Amino acid sequence: MTFENCVSELENDGVCVLPSETVYGLAGSAISEKAVKKIFHLKGRPPNNPLIVHVLNHESAKDFCHTNRLSELLAASYWPGPLTLILPKKNSIPTSVSAGLGSIAIRSPAHPLFREVLKNVGFPLAAPSANPSNKLSPTQANDVIESFGDSCPVVLDGGACSYGIESTVLDLTTKPPVILREGPVSKLEIEEKIGQKINSFKESLATISKEANPLKSPGQMSKHYAPNTPVRLFSNLDKLFRFKFDKDSDIILLSHSNIRVPKLLENFSILYFSKNGEWKDVAKNLYKVLREADRLGKKQINLCLFRNLNDEFSAINDRLTRACTISI
Ligand code: TXA
Ligand code: MG
């Protein structure tokens, strides 16, 4: 029943929440001004922050943007999956979706339910993460219901998202391409795939003057992905373990349960991101554990950057950095 409700909402310029392999998305027709307006309104999203357009495959992407050799190559390897490409926009997509930019963000989601909905409606779906602006992205249906309350649209429950963090956003409109948002597909992996160097967002800022580079990815600028409880972020575990915490007001979040915790902290509230510290598990649980910490209603969440064991942890550290209020 929910599936039919979602399809009918979408066909009538409405919105609904769909599961994706990254995070849940607040979906509406990307070719309906009305639906797009509803998405911005429900999220409380500033109109200068563009949306991602979701399609079934690279072939259908061609109706909405100018694809190229690199997008073809990357889509062949990573679509359907957690890689969003920025490409020059065609007029078939209203400018409200792209926040007035000449490009659009486009990806093909892998979750079978999202794909089934795309097949049924037959038009592209704009879908930002289904959370109020700047809050934690939802990785299960209940997160969405919890954060939107009475104004929650119909939610299609597809279980826990398998990646748990948002897609990698890669800008293909520049030379070299630029990673605008780190995600499950790492910079190194893309470089190996396309056989050329790409820039991180920071590198791109260093090489281009501000005037020549008007707000490339507005979502990069703002504080994002933050729980309600303030977050104190430590640069390493030693610093965290040496800090004088308060048992009543502090909660500590650690990578995995095999970490040896100093005696002094043994009776403190501690939550773990994973069993074994593998990045896939950490990513999958990242927002879930931050939400759990939030629910405990302490004064301060404390956590520490991951040592960059492999390139993928970079995306996790990126999210933690954006969630934090104080760095130590
Ligand atoms: O995994 C995901 O990407 C999820 C699922 C639902 O697909 N969606 C998602 O959407 O995270 P959202 O709206 O929360 O994040 C989209 C990001 C924002 O940072 C936005 O600024 C950027 O993509 N973006 C969208 N269009 C852009 C464009 N034309 N140029 C540069 N950045 C763009
Ligand atoms: Mg988002």
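User: Why are α11 and α12 called roughly parallel?

Analyst: In this predicted model, helix α11 (residues 279–295) and helix α12 (residues 313–323) pack at an angle of about 25 degrees, with their axes 10 Å apart. Angles under 35 degrees count as roughly parallel, over 145 as roughly antiparallel, 65 to 115 as roughly perpendicular and the rest as oblique, so α11 is roughly parallel to α12. Axes are lines fitted to C-alpha atoms, for helices over the stretch in contact, and angles run from 0 to 180 degrees between N-to-C directions. Helices are DSSP runs of H or I with at least four residues, strands runs of E with at least two, numbered from the N terminus.

User: Which residues of α11 and α12 meet?

Analyst: From α11, W279, V282, A283, L286 and Y287 meet F313, I316, R319 and L320 of α12; contact means heavy atoms within 4.5 Å. These residues divide into eight nonpolar, no polar and one charged.

User: What makes up the largest nonpolar core?

Analyst: A nonpolar core is a set of buried (under 20% relative accessible area, 1.4 Å probe, protein chains only) Ala, Val, Leu, Ile, Met, Phe, Trp, Tyr and Cys residues joined through side-chain atoms within 4.5 Å. The largest has 40 residues, and L74 is among those with the most contacts inside it. Helix α4 (69–78) is one of the elements that each supply at least two residues, and α4 gives the most, with four.

How values were computed:
Residues numbered from 1 in each chain as written. Chains lettered and ligands numbered in written order. Predicted model: local features only at pLDDT ≥ 70, side-chain atom pairs only at ≥ 80, totals over all residues. Heavy atoms only, no water. Nonpolar A, V, L, I, M, F, W, Y, C, P; charged D, E, K, R; others polar. Buried < 20%, exposed > 50% of the residue type's maximum accessible area, 1.4 Å probe, protein only.
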